[in-house]
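Biologist: I would like to learn how to read a model of two chains. Please take one feature at a time, the general idea before the case.

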Amino acid sequence: MEPKVILLVEDNPDDVALTLRAFQKNNIQNEVVVARDGVEAIEYLRSAEVPPQLVLLDLQLPRMDGHEVLRRLRAEERTRLLPVVILTSSSEERDLVEGYASGANSYVRKPVDFDQFTEAVRQLDLYWLVLNEAPPGAGAAR
Amino acid sequence: MSLSSHPDTTNAWLTRAAGGLTAMIGVLGLYGWFTGSDVLTAVREGYIPIAPNTAAAFVLLGLALAAVAGSSPRLRKAGGGITLITLVVVSGRFLEYALGVDLAVDRWFFHFPAETLGLAPVGKMALYTAFNFLFVGVAILILADAGRGRGINDLARVLAAVAALIGLVFALGYLYASPLLYGSESIPMALPTAFGFLVLGAGAALQASLRELAERRREREALVVAHAALQEHAREREELFRTFMNHTPAMAFMKDDEGRYVYMNQPMERAFDVHLDDLRGKTDDDWLPPETARQVRENDAEVLARGNPIELLESVPTPDGRMHHWLSLKFPFESATGERFLGGVALDVTDRLAAEEEVRRMNVELEARIAQRTAQLEAAYAELESFSYSVSHDLRAPLRSIKGFTQMLIEDHGDRFDELARQHMNRVCAATDRMSALIDDLLALARVSRSELRRERVDLGAVARAVVEDLREREPDRAVQVAVEEGLFVDADPRLLEVVLENLIGNAWKFTARKPVATIEVGSTPSNGDGPPGRAFFVRDDGAGFDMTYAGKLFSPFQRLHGVEEFDGVGIGLATVKRVIGRHGGRIWAEAEPGHGATFYFTL
């Protein structure tokens, strides 16, 4: 089977670097595709042959923010069932509410501490890539 | 009706003259007997002479009459006395006739030989005479007592008149020489006697009439006085009532059923600069502006038609052109003669209405201002919202980078650095941690101010225990004895209460870290002394405590009473707690001793 793709939607290059490093430390083999903003993310999802297994979505994005991206994803048949984990600094209640309301599967707060972050990524990987049953159509060849 | 013993001296001289004349007749008769004079006793030869007793009686009664006409009560009593005695003697004569006994009454006082005048029988009082003396004697007796009523007075007059009449008749008999009047069987009355009776009777009758006149006059006078007194009283009452009407601050008026003014009180006159005298008989059309007059007359008509009092607000301008509003009470009523009137009382409520209007206007203004403030407040909140939001994103991201890359440095290249360099980097990491915690606390503080306060019945004890559990989980190695009181129910926002207890118990947990076994208590106490009345809750620990000198700084943001090496923290927690307590309307204060722990009290 082809390795599953993880789509990381994140505009902050530092955060991208840290996330990739976290993946590395956890020996995550999946290909990580990075989209710098919402528009890129949607374009990628539209054009990709195989939908990613997991989307890690930041909320603070230029042009189109994370909530909007999520809503668009959920509006389209192709991406309606796609597992999306909101990965953000915000612990604001309204972001939580809106995130879940828009159809996020999970909401994880990015800790400042890198070790904690690494641990979080490990757990995410363990759950979403290993344990979780992906919806049909994700990760499979078309 | 009895009269006071009021002297009736006017015209009494006539009576006295009559009495005097009568007495004179008697005196002359007696003198005649003493001297044997025919003229004096019988007037003409051949006529019957006056009996000596009769003459004596005339003297006495004449004097008595004169006496009773006088003003002195003693004189009148004397007159009465004399009369009484005379009557007794006369009664003796009656007895003689009645019993046929010769009591020789006429010889009691006088004794004249029968042969003196060559007439027989002589000297006896005639029966007619005796009767007459009785009549006139009773009359004089009545007159003697001035205090008798009118009926008795009339009797006296009648008796006296009868006596006089009889005397007149006999005198006329002498004049016309009619033998019938002599009385064939009994002794006829002597001429002087008849004359004497005429005069005496007339005098007594006159006196009785005078008495009656005097009494009538007295009655009239008394009536006039009483009438005057009554009028005066009525006038006083009317005056009092008028003063009352003119001093009431309300206007009062009366109109008849055609709308014509009958009365208006002074306040009304003053208010409209009119006079009752000018308006009496005129209607409202004559002095009010046409529209106002029409309205008023309409209201009046309704009151009269309904027959019930009406309360209404009328707008009538005063002469200076200002419109006034009157609270009018109009009511119909009837006089005793059945005439219908419209009564009215009116109070000037213009000022009151203006005040009400002002209040209303101010309320509207207030409402507008409140709406404005609320909008401002909402705007401020919205700003705070977005501020907090951006803080939570924008401030954390760089922190993450700093910490992350520093950690990477240590991990990947740590062996290239010396101990000092590694320490530097550790400090960088530590600082980043603190900043992160600070951001979290600040956000929490902001959230506390923003969020709505929803009061529910919360078990404070349960929340406390949950917080303790959480702490135990994070630091299972710590040995802490916790005692939480049962039944601590409060009305508070559960989430905010959690924040409070997290901070307070968290602090207690933190500041007892040095003790091998720590004790934390959560409970309530009836507050006294400094605190507000009611129940106060507390969180007590036996940890490091603090110096009470600096207690004022406790709740200020960023103020700490311990160095960061001793105990961790940025000093935001208590500020947050204070704000929560404040929003619940409560108070928070603390007591502590260095080395012996601290107790934080709060009310909700």
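Biologist: In which strand of chain A does A:Leu56 lie?

Modeller: Some ground rules come before that. This is a predicted model, in which local features need pLDDT of at least 70 and side-chain atom pairs count only at pLDDT 80 or more, while totals for chains, interfaces and linings use all residues. Residues are numbered from 1 along each chain as its sequence is written, chains are lettered from A and ligands numbered from 1 in the order in which they are written, and side-chain values use heavy atoms, with hydrogens and water left out. Helices (H or I, at least four residues) and strands (E, at least two) are DSSP runs, numbered from the N terminus. A:Leu56 lies in strand β3 of chain A, residues 54–57.

Biologist: Is A:Leu56 buried or exposed?

Modeller: Buried means under 20% relative accessible area, exposed over 50%, and partly exposed in between (1.4 Å probe, protein chains only). With a relative accessible area of 3%, A:Leu56 is buried.

Biologist: Which residues is A:Leu56 in contact with, leaving aside its neighbours within four places in sequence?

Modeller: Contact means heavy atoms within 4.5 Å. On that basis A:Leu56 is in contact with A:Ile6, A:Leu7, A:Leu8, A:Val9, A:Phe23, A:Val85, A:Leu87 and A:Leu124. Take A:Ile6 from that list: A:Ile6 and A:Leu56 are 50 residues apart along the chain, yet their C-alpha atoms are separated by 7.4 Å.

Biologist: What is there to say about the phi of A:Asn27?

Modeller: The general idea is that most residues other than glycine have a negative phi. A:Asn27 is not a glycine, but has a positive phi of about 60°. A:Asn27 is placed in the loop between α1 and β2 (31–35) of chain A, and is exposed at a relative accessible area of 60%. A:Arg63, also not a glycine, has a positive phi of about 60°. The loop that holds A:Arg63 runs between β3 and α3 (66–75) of chain A, and at 67% relative accessibility this arginine counts as exposed.

Biologist: Now the interface. What area is buried between chain A and chain B?

Modeller: The size of an interface is often given as the accessible area lost when the parts come together. Buried area here is the accessible area (1.4 Å probe) that two parts lose on being put together, summed over both. Between chain A and chain B this is about 2,100 Å², and carbon and sulfur atoms give 44% of it. A:Arg21, A:Glu92 and A:Val112 supply 30% of the area that chain A buries against chain B, more than any other three residues. The contact takes 24 residues from chain A and 25 residues from chain B.

Biologist: How many salt bridges are there between chain A and chain B?

Modeller: A salt bridge is a side-chain nitrogen of Lys or Arg within 4 Å of a carboxyl oxygen of Asp or Glu. The count between the two chains is six. In one of them A:Arg109 pairs with B:Asp440, and the closest N and O atoms are 3.3 Å apart.

Biologist: Which helices of chain A each supply at least two residues of the side that touches chain B?

Modeller: They are α1 (13–25), α4 (93–102) and α5 (114–131). Of the elements of chain A, α1 gives the most to that side, with six residues.

Biologist: How are the rings of B:Phe131 and B:Phe135 arranged?

Modeller: Rings of Phe, Tyr and Trp (its six-membered ring) pair if their centres lie within 6.5 Å; planes under 30 degrees apart count as stacked, over 60 as edge-to-face and the rest as tilted. The structure holds 17 such pairs over all chains. For B:Phe131 and B:Phe135 the centres are 6.4 Å apart and the planes at 35°, so the pair is tilted. Both belong to helix α6 (residues 127–144) of chain B, where being four residues apart separates them by about one helical turn. B:Phe131 is partly exposed at 39% relative accessibility, and B:Phe135 is partly exposed at 25%.

Biologist: Which parts does the pair of B:Phe537 and B:Phe602 tie together?

Modeller: B:Phe537 lies in strand β10 (residues 534–541) and B:Phe602 in strand β12 (residues 598–602) of chain B, so the pair ties together parts that are 65 residues apart in sequence. B:Phe537 is buried at 4% relative accessible area, and B:Phe602 is buried at 0%.
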